[in-house]
Amino acid sequence: MSLRLAAGAGLVTALILLAALAPLVAPHPPNLQDLAKSQQPPAWVRGGAWANPLGTDHLGRDVLSRIIYGSRVSLIVGAGGVALALTLGVVVGLFAGYARGWVDDVAMRLADVQLSLPYLLFVVAIVGVLGPSLRNVVLVFGVADFPLFARMARGETLRLRSAPFVEAAVASGASEARILLRHLLPNMAAVLVVVAAFEMAAMILYEAGVGFLGLSVPPMVPSWGNMLADGRSYLTTSWWIATFPGLAILAATLGINLVGDALRQL
Amino acid sequence: MRRWVLAVGLSLVGVTAAAAPRGTLTIGIPPDVHTLDPTMTPEVNAENVAAMIMEPLLYLDPQGRLQPLLAESWQVLDPTTYLFRLRRGVTFHDGEPFTGRAVEFSWRRSQEPHRANREPFAPVARMEHLDDHTIRIVTGGPDPIFLKKMANVSAAIFPPRYAAERGDEAAAQRPVGTGPFVFGEWVRGDHVTVRANPRYYRPGVPRLATLVWRTIPESDARVAALQTGQIDLALRIPAHRVPGLERDPRVKVTSALSTRTFYVAFNNVTTGRGTPVMDRRVRLAMNLGVDVQAIIKALFQGQAERVNSFIGNVQFGHDPTLPPLPYDPARAKALLAEAGYPSGFPIGMACPSGAYVADREACQAIAGYLDRLGIRVDLQLMEPNRYWDLEANRQLPPLFFDGMGDRFQDPDVQLKGALTPESRWTAFEDKALTELITAAGSTLDAERRRRLYARVARQMQADPPFLFLWQVRNFEALRQRVRGYAARPNESLGHLPFDVAVSD
């Protein structure tokens, strides 16, 4: 169990460090194109060289450097999307659960409407209109995912507001703001954090998915999804172009999920 | 000039005399079919489907000779007057008889301003009906390739009654013609099916009972579909897949150097107005800053040829003495500095994704080279049909990637199509260039015409309307059961009804 946490924490730390220190760690600039070195295999395969440890893509760009820079996109989308969804969701959920009545009805029906839209359809429609950019992807993921957090926050609020310590706070004349922020919010944080971890892993995966469809960041930006899309037509001839970003996605989502799992069992 | 051309083309089908059509051939094509009205699209795959159903007056055979089709014979009376004797007893698929009225109707219809392909019939000034099946066509001026234009599917003959009763939409979606195949069904985004026309006027044609065109945008999916036998013929195969396919005993590969010339166009008419591409030095710098040979080697396995202008290496008028613009990044940088952009500038560039072999990759590579000059390219990849819609409306960004070819190895159609103000596809207007192109297009003397195209190419290098790229060797792969098929430089499949069959 603690091994899992250690493994997960290790992977997540590595991911964050890579993203933060990309210019220092990456052996080459991510968009440095050298067509003379096109489709060079990884270093340990015949024809490879240690200058490009994981090989080069069809334009001779260093796969390792692109993966390192690509972690930034994944991390920003994962963290940014979850932060937005969490903030929106908690605000809506808290108020709905606390106020009940028509506020609750309206908020929850809105969340239902949102949940009834297929995720991908929503993303395709919005990004299609706004155009692919990092900001838009974060925005769309945050909005698409907020009902989940809203429902959780509302459920927790309903459960907690009849708890003895909340009733005591009400009886002692605490203001509504104080009850919401000091009594309700901290007590639901544990649950929300666990879900947030899983959602972050899911968003990294989704980003790669919509990136593969050409709906995430612009095509020249190094991102894992873009790398998968670039590499698909070379799968039979140059497997490394798509395989390593795939492994990076696996490692990142695995790490975050392990952390979430460990947190849940605390 | 008075000379009757005899109907020698009948010998063309004589060998397969009256064998009943049999078998199904399934073709995997890259971009989705957009419309089946050949006057509405210059996209060759859509034209190829339409050409199975609708026919023009003449047929250009794989050897480049004109053969009779709906016209049995023809005569050039003087440089602007042509006499066509039309085939008698031909009916459209819905029973309407084919006469000279249908030819006149099709000409007038094709010249409506919203049509994308006005070019083939554009030279016609008037038509005179000597009788129901004899028509005299007078052109506005001499046109050295007018007869070849009459073999273009964009000059196909439409049924006047059907078009009048059912409207334009029906013509585009459930086309009716005189061709060897009858429209079957069209499931958008998936496939178009056509079936052998039992009343076709040539015995033994077509040799196939059913023909299915399946849209498979991903080149790897096309290859996989071919290898599993879901399709019999896969068009536009990337060069790097060819060695693997050649090892597969169920498959054979055929190729031809395509007339399609690729370029990155500059827009100086709409979106490019006021941007740095208005400056000749900037456009020249971009041409000098992209190592086209390196791209050809890396992305096409060397299976493409650098072009020196927008006149392809296999086209009439190509000047082999004019070297392509060299790769010279130092001079490119100097030119940019001279134009006032020493540290470059940001600019938008659009690219169709999945229309041509390696289109997406090529655009990335070009953007990578421009980036080294400090030109920060905002690259937008688009679904091909949406892309071509925007292109026809001149709404693409100031730079956009495309390729244009022609049916008869003559640059006239593509030059007029991309660089004269009359065309919907023109995003770059240059009076001097337009005048040269128009002059070359109305010169009958081959030698003088050749010299004019040499001047066109030089003018293009001096003041580039495009970033000139390459023409690719087109690879196509087919199952062993397909007989009589070979890739053609013009990507046309007009010969398919006559030549192609399948064995079981």
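Two strands count as paired here when DSSP finds at least two bridges between them. Keep that in mind for the sheet in chain B, where five strands line up in the order β16-β15-β17-β13-β18. This is a predicted model, so read everything below as computed from that prediction.

**The five-stranded sheet**

The sheet is open, and its pairing is mixed. At the edges sit β16 (376-382) and β18 (466-468) of chain B, each of which pairs on one side only. Ignoring direction, neighbouring strands of the sheet are turned by 30 degrees against each other on average. As background, strands of a sheet pair through backbone hydrogen bonds, either parallel or antiparallel.

Look inside the sheet and you'll find β15 (residues 346-352) and β17 (residues 399-404) of chain B running parallel, joined by two bridges. One residue pair to click on is B:Met349, whose bridge partner in β17(B) is B:Leu399.

**The cores**

B:Met349 also turns up in the largest nonpolar core, which has 143 residues. Along with B:Val264 and B:Val456, B:Met349 is among those with the most contacts inside that core. Which helix gives this core its largest share? That's α11 (residues 359-372) of chain B, with seven residues.

Setting aside neighbours within four places in sequence, B:Val264 is in contact with B:Ile366, B:Leu399, B:Phe400, B:Phe401, B:Phe466, B:Leu467 and B:Leu469. Apart from this core lies another, of 66 residues, and its members include A:Leu148, A:Met152, A:Val221 and A:Val259. In soluble globular proteins, nonpolar side chains tend to be buried together.

**An enclosed strand**

Now move to strand β11 (residues 233-237) of chain B. Is β11(B) largely enclosed or open? Five of the five residues of β11(B) are buried, so the strand is largely enclosed by the rest of the structure. Two strands that pair with β11(B) are β1 and β19 of chain B. β1 (residues 24-29) runs parallel to β11(B), with two bridges between them. β19 (residues 470-479) pairs with β11(B) in the antiparallel sense, over three bridges. B:Ala234 takes part in both pairings: it is the bridge partner of B:Gly28, and its own partner in β19(B) is B:Ala477.

| Residue | Angle | Loop |
|---|---|---|
| B:Pro206 | omega near -5 degrees (cis, from B:Val205) | between β9 (191-196) and β10 (210-215) of chain B |
| B:Arg394 | phi about 55 degrees | between α12 (384-392) and β17 of chain B |

How exposed are they? The cut-offs matter here: 20 or more other C-beta atoms within 10 Å makes a residue buried, and 12 or fewer makes it exposed. B:Gln301 has 17 such atoms within 10 Å, so it is partly exposed. B:Arg394 has 15 C-beta neighbours inside 10 Å, so it counts as partly exposed too.

Chain A has 10 helices and zero strands. Its C-alpha trace spans about 75 × 45 × 25 Å along the principal axes. Of its 266 residues, 45% count as buried. Among contacts in chain A between residues at least 6 apart in sequence, 70% join residues at least 24 apart.

As for the interface, 16 residues of chain A are in contact with 21 residues of chain B. On the chain A side, those residues divide into six nonpolar, nine polar and one charged.

How values were computed:
Residues are numbered from 1 along each chain as its sequence is written. Chains are lettered from A and ligands numbered from 1 in the order in which they are written. This is a predicted model: local features need pLDDT of at least 70, side-chain atom pairs count only at pLDDT 80 or more; totals for chains, interfaces and linings use all residues. Helices (H or I, at least four residues) and strands (E, at least two) are DSSP runs, numbered from the N terminus. Two residues are in contact if their C-beta atoms, placed from the backbone, lie within 7 Å. Ala, Val, Leu, Ile, Met, Phe, Trp, Tyr, Cys and Pro count as nonpolar, Asp, Glu, Lys and Arg as charged, and the others, Gly among them, as polar. Axes are lines fitted to C-alpha atoms, for helices over the stretch in contact, and angles run from 0 to 180 degrees between N-to-C directions. A nonpolar core is a set of buried Ala, Val, Leu, Ile, Met, Phe, Trp, Tyr and Cys residues joined through C-beta atoms within 7 Å.
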